[in-house]
Amino acid sequence: GQPLAPRRLSLKPVPKLPNMEAFLREAQVKVKKQARGCLAPELCFQAVRAATESAFAEGLRRERELFRVLLTSGQARALQYAFFAERAVTRWATPAGASWSSAAPQPVRRAAVIGLGTMGRGIVTSLVKASIPVVALEQDLENLNKGRKAVMLLLEREATKMEGGAQTLDFHNPARLQFTVDFDLLRDIDLVIEAVFENMALKKEIFHKLSRICKPGALLCTNTSALNIDEIASATSRPQQVIGTHFFSPAHVMRLLEIIYGRHTSPTAIATAMQLAKAMKKVGVVVGNCFGFVGNRMMFPYVQQAVFLLEEGSSPEVVDQVLEDFGFKIGPFRMSDLAGLDVGWRSRQEQGLTGPSLPAGTPARQRHGQRYSPLPDLLCEQGRFGQKSGQGWYRYDRAGGRRATPDPWLHSFLSQYRDTHGIQTRCIDQEEILERCLFPLINEGFAILAEGIASGPEHLD
């Protein structure tokens, strides 16, 4: 029996919360922290704030104004570019004339992963999530049990995030996931991913074994971050089946999968690796073979400059903060700690840049006539490998811990190091940190394009 007068929601006043101002302030801090340099979330927040403070028509006008700011911003253009670049990389081509339009993938019904270190565990998890049955292989029972425990923990975590939970992953079923030390179980596998640590002799030994055991059509993949694909392939009787699949750490989270073809890699092998990336919901990017490929080759000068900045007076937390405020998800030092400092150290030892094979009398801060910083090597010699050992560029509450806190030990270590080498420290501003880290990254990108290692700028980006 009540009158049905017009009830337009837009004419009703917005109910006031008693602690509105405090609530909004708190929300703004949260948004700023999550948005990390991205404009849109912050302006969305401002639009919501306008709704609480003014009449409907005024709120709409403010929203339009904010939208126009976003529409004409450099960030909008960059995000549109990123959106299309991600789609452009599926259309791959090689200088030899192989391309996405003419190469067909082989089906991958069963896969195997060799090595259950940090990378291997993440790769096994990714395959299980993609519903591809996996055989996980280790060299001995001790490492196998350690790896199995870690993989199960990762999968339990992933299952809780998924709708339908563990039933959908079904990882307790040996037909879906099997752990073994027996290479003979790889006889009828369609695709093997080797994920042992970066040592050429070890990788060649494994590939020699695989080419004897695996069926003729099986694809042999190496998760190397820098080593020569052709040299690894030379240990097999089927170099056309060998391809690099470089996952990024942590492998079950990072969406990038770098696919590296060698001199003999067949178009079918490239197409199959790209299909695998798609099945794992990763962005596969096809690139050529050179030291560090594209991802790590661009990372080297970027991280190198970050370390030079420490030598000259900055600190890991300051450099990371500047790059994270700029928009990187994670700064170079937190990234190194996450990936493990020992990975780069092993690679530098293989190259003869540090360790026992370094010629006597080599200046501490020079290699091949170029500036070099031994700081990361010195940290590794102290057993500081990053998160895995509980200390690296930062300190962690325990080995395997995630929360990085600045380490007073490291600060005094840096100041001793500067004294030893007579380095004058100075105040380094944000602009210099940004430019010195980003310009080498960009320059390296141009060099990679010029050499034809990547077929287009979208592949680099």
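User: Why does Glu-53 count as exposed?

Analyst: The model is a predicted one. In it, Glu-53 has 53% relative accessibility. Exposed means over 50%, so Glu-53 counts as exposed.

User: What makes the contact of Arg-49 with Glu-53 a salt bridge?

Analyst: The closest N and O atoms are 3.0 Å apart. The cut-off is 4 Å between a side-chain nitrogen of Lys or Arg and a carboxyl oxygen of Asp or Glu. Arg-49 and Glu-53 therefore form a salt bridge. Both residues sit in helix α2 (residues 39-53). They are four residues apart there, so about one helical turn separates them.

User: Is Arg-49 buried or exposed, and how do you know?

Analyst: Arg-49 has a relative accessible area of 17%. Buried means under 20%, so Arg-49 is buried.

User: Which side chain meets Glu-312 in a salt bridge, and at what N to O distance?

Analyst: Arg-371 does, at 3.0 Å, N to O. Glu-312 lies in the loop between α11 and α12, and Arg-371 in strand β10 (residues 370-371), so the pair ties together parts that are 59 residues apart in sequence. Glu-312 has 12% relative accessibility, which makes it buried. Arg-371 has 33% and counts as partly exposed, because that value falls between the 20% and 50% limits.

User: What makes Asp-407 and Arg-384 a salt bridge?

Analyst: Their side chains meet at 2.6 Å, N to O. The limit is 4 Å, so the pair qualifies as a salt bridge. Asp-407 and Arg-384 both lie in the loop between α15 (375-381) and α16 (408-420), and the pair ties together parts that are 23 residues apart in sequence. Asp-407 is buried, and so is Arg-384.

User: Why is Ile-442 called partly exposed?

Analyst: Ile-442 has 44% relative accessibility. Exposed needs over 50% and buried under 20%, so Ile-442 is partly exposed. Its place is in helix α17 (residues 430-450). Together with Phe-439 and Phe-446, Ile-442 forms a nonpolar surface patch with about 330 Å² of accessible area.

How values were computed:
Residues are numbered from 1 along each chain as its sequence is written. This is a predicted model: local features need pLDDT of at least 70, side-chain atom pairs count only at pLDDT 80 or more; totals for chains, interfaces and linings use all residues. Side-chain values use heavy atoms; hydrogens and water are left out. Patches are made of residues with over 30% relative accessible area and no salt bridge: like charges are joined within 9 Å, nonpolar side chains (Val, Leu, Ile, Met, Phe, Trp, Tyr) within 5 Å. Accessible areas come from the Shrake-Rupley method with a 1.4 Å probe; for residues, only the protein chains shown count as cover. Helices (H or I, at least four residues) and strands (E, at least two) are DSSP runs, numbered from the N terminus. Buried means under 20% relative accessible area, exposed over 50%, partly exposed in between (1.4 Å probe, protein chains only).
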